[in-house]
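Please have the sequence and the structure open while I talk.

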Amino acid sequence: LELLAVLPPTGIGGGGGRWTLAFMIPPGLLYPHVSPLLCPRHERLREANRPRLMEALGEVCRQTVGAPMFFILCEWLQENGDRFLVRAASAAEEKQGGGPSLAAGQKTRDLAINRTLEASQAQAEKEREAAAERERRMEYCQRLIAEEACAKPKDKIAAEIRSSPETAQHDLAGYDDDTVRTLVKEAFGMPLNCAAMVRVTFVVGGGKSVRGKYSETLAKSLGTALQELGYAQDSAASCDLTSAGSFKGQHDTGRNLKLVHVFPKVVGPSSGGTTKGTVESTSEACARVARAAWDDFVEEVGPWLKARETRAKVEALLGFLQEAEDELKE
């Protein structure tokens, strides 16, 4: 949609003339909730004054979001536009030779105004970019917290494995193909947070006395679910970090049980980016990562939720960013 408004002539400030205001709404623009494209023109409007005028029109748009901006802008321009125009020299001034002197003075003022306006616009743009970056990081932290809340295992055994990674045995009596797939995904979908390797053993079958408690395809379904997560079957796997991400089956003849041993992928506690021999406080860590480049920010903050001892840092960082945002608004 394109409109061109031609306003009544004005003589305020000397020289007469009239304003025209081109008003365009591109396809998809949610007018009047978003400012349209504007192009004001006047025979006495210098290009040096145009940025100041556009900034003023932008402020009018911000204050009237949701209202009929077109009519409001036309009224405002008719009432206030003359202060952005050059005053035409009178005939007496031109005869006395004052015209060129006035023009030189006006040019100097225009240049000074333009420099000030450019500096102000550069500072405003810098502040907008900083605010957008803070908002981006706040959204990232909020998303991490929300994902962590949604990712809490619903399966009891999976929750136990993730909350306390240790060498232990779990009985899968009563599990079927679907429930064991859910268990594997929730327990081993992300690396366990522990510095040393652990062995997680599952009972998947046994002799005649317990055979009826287990699905005939339980061991196969468990292995398939692990392989879908990138685990490899390795008959030589042992409780060592070199066996991380592997599993193997075993027939315990002493107890007459069929077992599957899983050696999970693990990740040690995050160092938090501190230098050797120093201890970084939570507030210092928040201040440091808040200033870091985006890729470094994501790389460091992402693992914080995986470790119980650093999980609270994400909420602390979110609070730090919010406080910085509130201080700027004040």
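Predicted model: local features only at pLDDT ≥ 70, side-chain atom pairs only at ≥ 80, totals over all residues.

Helix α1, residues 50-63, packs against helix α2, residues 69-80, at an angle of about 135°, and their axes are 10 Å apart. Because of that angle, α1 counts as oblique to α2. On the α1 side the contact is made by L53, A56, L57, V60 and C61, while α2 contributes M69, I72, L73, W76 and L77. Sorted by class, this contact has 10 nonpolar residues, with no polar and no charged ones.

P32 itself is found in the loop between β2, residues 20-24, and β3, residues 37-41. Between P32 and G66 there are 34 residues in sequence but 4.8 Å in space, C-alpha to C-alpha.

Now to the sheet. Five strands form an open sheet with mixed pairing, in the order β4-β6-β9-β8-β7. The edges are β4, residues 168-171, and β7, residues 232-233, each with a single partner strand, so one side of each is left without a neighbour in the sheet. The partner of β4 is β6, residues 200-206; the two run parallel and are joined by four bridges, and H170 stands opposite F202 in β6. Helix α7, residues 218-228, packs on this sheet, where it touches β6, β7, β8 and β9, and its direction makes about 150° with that of β6.

Notes
Residues numbered from 1 in each chain as written. Heavy atoms only, no water. Axes fitted to C-alpha atoms, helices over the stretch in contact; angles between N-to-C directions. Parallel < 35°, antiparallel > 145°, perpendicular 65-115°, else oblique. Contact = heavy atoms within 4.5 Å. Nonpolar A, V, L, I, M, F, W, Y, C, P; charged D, E, K, R; others polar. Pairing = 2+ DSSP bridges.
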